[in-house]
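Work through these exercises with the sequence and the 3D structure open. Try each task before you read its solution.

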Amino acid sequence: MDPIAVIATKRDGAELSTVQIREMVAAYTAGDVAPEQMSSLLMAIVLNGMGRREIADWTAAMIDSGVRLDLSGLRTVDKHSTGGVGDKITLPLTPLVASYGLAVPQLSGRGLGHTGGTLDKLESIPGWRADLGVDEMRAQLHGVGAVVCAATADLAPADRKLYALRDVTGTVACIPLIASSIMSKKIAEGTGALVLDVKVGSGAFMKSYDEARELAQTMVELGDDAGMDTRALLTDMSTPLGRTAGNAVEVVESLEVLAGGGPSDVVELTLALAREMLDAGGLDDVDPAENLRNGRAMDTWRAMVVAQGGDPDADLPVPGHTHVLTAGRSGVLSSLDALAVGEAARLLGAGRSRPGEPVSYAAGVTWHAGVGDDVRAGAPLFTLSFDDEARLNAAAARLADAALIGEAAEPAGSRVLGRVGPTAGTSWAAEHPRP
């Protein structure tokens with residue numbers, strides 16, 4: 001294989017062959033292609049795109065770089081979110097779906113930049129551990145039905161190496177590369193069905209609905225080609241989910257949902273995704289709200305936490321300091337910028353700017369009003385939680401213009417904006433209003 005010829009092919013706008021893609025990905029993973037050469041190819045893909053066959057071949061090459069998990073004997077269904085602010089949905093959703101007898105293998109990640117990480121949130125629970133071996137994961141799925149853990153190192157290792165390169169070469173925001181990165185891990189995971197939560201808006205990687213729909217369609221096609229029942233919801237991330245962004249604070253909010261309460265938008269999205277997952281698992285005749293009300297989802301949550309070494313009754317981390325930001329005027333909260341809230345939470349220590357950077361489990365942002373709510377001048381608008389006092393000023397400054405207070409606002413609509421997959425319809429959002 002001549003790496004330069006492969007680079008030139010895509011640079012000039014031509015399609016890469018199946019052999020070129022497979023050999024290039026395998027050689028880079030093995031260290032036989034220089035990072036500079038793969039960087040050039042990635043940039044050529046960003047500029048010239050990839051066709052459906054190329055994306056499928058790129059995904060297959062990354063899958064074949066590692067192992068495939070064998071989850072046979074289990075009715076499995078997974079969910080993946082493209083990342084957002086206050087997006088704690090995995091925490092209540094996983095045990096909720098598992099409480100109906102399906103196996104939910106959630107291989108999750110850590111936060112980077114303004115987006116929160118599921119593993120960071122769960123690690124705020126004393127004793128809980130993210131790193132499980134394949135045998136441990138399989139045993140927990142058989143025994144509990146739910147597991148949330150980190151992906152093993154031998155699962156699509158090409159993707160891990162390629163993502164690290166994309167992260168430092170400005171080639172992350174590319175639909176073919178995003179889709180293949182996500183789907184290579186999900187297909188290698190061996191789940192029977194997958195529901196995707198593709199975020200749209202200021203706090204998401206996809207800023208426009210059209211971009212999000214293209215990404216969703218690409219991932220659904222990759223899943224279908226692999227024989228995996230795949231569908232996607234396009235959901236609003238112009239405002240953050242719920243009333244908290246951080247780690248321990250989002251665990252608390254998730255427990256409220258599992259106890260039958262919680263913010264209405266978190267409940268709405270949890271139930272919408274649960275219905276899709278249950279339908280994909282062959283259970284289209286159950287109402288997931290029932291197991292939130294009767295406590296069965298909470299029982300599965302507790303069993304899941306205990307199985308991974310955590311104490312579901314332990315106190316969660318408490319911040320060393322809090323600071324309240326008040327409303328400067330009276331009126332109606334007409335918008336709340338998700339990106340600003342997410343960046344403020346990161347600045348307080350809840351997230352990281354570089355992989356491997358430690359996080360504060362107690363840090364985070366709580367907002368005391370949702371879009372459409374009345375606010376009064378001088379009333380609390382945000383509570384900032386943090387351990388390091390030196391972090392306060394930057395976070396507070398980032399929130400200075402995050403909340404827009406006006407004379408009136410449209411009431412908050414459904415978080416679900418659209419759908420891609422089996423029996424997709426145009427009236428999905430209208431048919432699933434917030435509870």
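The exercises below go from the whole protein to its spaces and then to single residues.

This is a predicted model: local features need pLDDT of at least 70, side-chain atom pairs count only at pLDDT 80 or more, and totals for chains, interfaces and linings use all residues. Residues are numbered from 1 along each chain as its sequence is written, and side-chain values use heavy atoms, with hydrogens and water left out.

**Exercise 1. The whole protein**

Task: Describe the overall build of the protein.

Solution. 
- Step 1. Take the secondary structure. The protein has 17 helices and 13 strands. These are DSSP runs, numbered from the N terminus: helices are H or I with at least four residues, strands are E with at least two.
- Step 2. Box the chain. Along the principal axes, the C-alpha atoms fill roughly 65 × 45 × 45 Å.
- Step 3. Look at burial. Of the 435 residues, 55% count as buried. Buried means under 20% relative accessible area, exposed over 50%, and partly exposed in between (1.4 Å probe, protein chains only).
- Step 4. Look at contacts (heavy atoms within 4.5 Å). Among those between residues at least 6 apart in sequence, 78% join residues at least 24 apart.

**Exercise 2. The spaces**

Solution. 
- Step 1. On a 1 Å grid over the protein atoms alone, a cavity is a set of points where a 1.4 Å probe fits but cannot get out. A pocket is an open set with protein on both sides within 12 Å along at least five of seven lines. Lining residues have an atom within 4 Å of a point. Grid points are joined across faces, edges and corners, and a volume is the space filled by probe spheres set on the points.
- Step 2. The largest pocket holds about 1,500 Å³. It is lined by 47 residues, and S108, G109, R110, Y163 and K185 are the closest to its centre. Two or more lining residues come from each of β1 (77-81), β2 (104-108), α6, α8 (157-167) and α9 (175-189).
- Step 3. Sort the pocket lining by class. There are 16 nonpolar, 17 polar and 14 charged residues. Ala, Val, Leu, Ile, Met, Phe, Trp, Tyr, Cys and Pro count as nonpolar, Asp, Glu, Lys and Arg as charged, and the others, Gly among them, as polar.
- Step 4. Turn to the cavity. The structure holds one cavity of 30 Å³ or more. The largest cavity has about 130 Å³ of space. Its lining has 20 residues, with H114, T115, G116, A345 and A350 nearest the centre.
- Step 5. Find the source of the cavity lining. α6 (118-122), β6 (244-246) and α15 (338-348) each supply at least two residues. The largest share, three residues, comes from α15.

**Exercise 3. K121 and G116**

Task: Which of these two residues is buried, and which is partly exposed?

Solution. 
- Step 1. K121 is in helix α6. G116 is in the loop between β2 and α6.
- Step 2. Read the accessibility. K121 is buried because its relative accessibility is 1%. G116 is partly exposed because its value is 44%.
- Step 3. List contacts, leaving aside neighbours within four places in sequence. K121 touches D87, K88, L91, G116, G246, N247, E250 and V251. G116 touches G84, G111 and K121.

**Exercise 4. A156**

Solution. 
- Step 1. Recall the background. Most residues other than glycine have a negative phi.
- Step 2. Compare. A156 has a positive phi of about 45°, although it is not a glycine.
- Step 3. A156 lies in the loop between β3 (146-150) and α8. A156 is buried, with a relative accessible area of 1%.

**Exercise 5. V198**

Task: Where does V198 lie, and how far is its C-alpha from that of R419?

Solution. 
- Step 1. V198 lies in strand β4 (residues 193-200).
- Step 2. V198 and R419 are 221 residues apart in sequence, yet 9.4 Å apart in space, C-alpha to C-alpha.
- Step 3. V198 is buried, at 0% relative accessible area.
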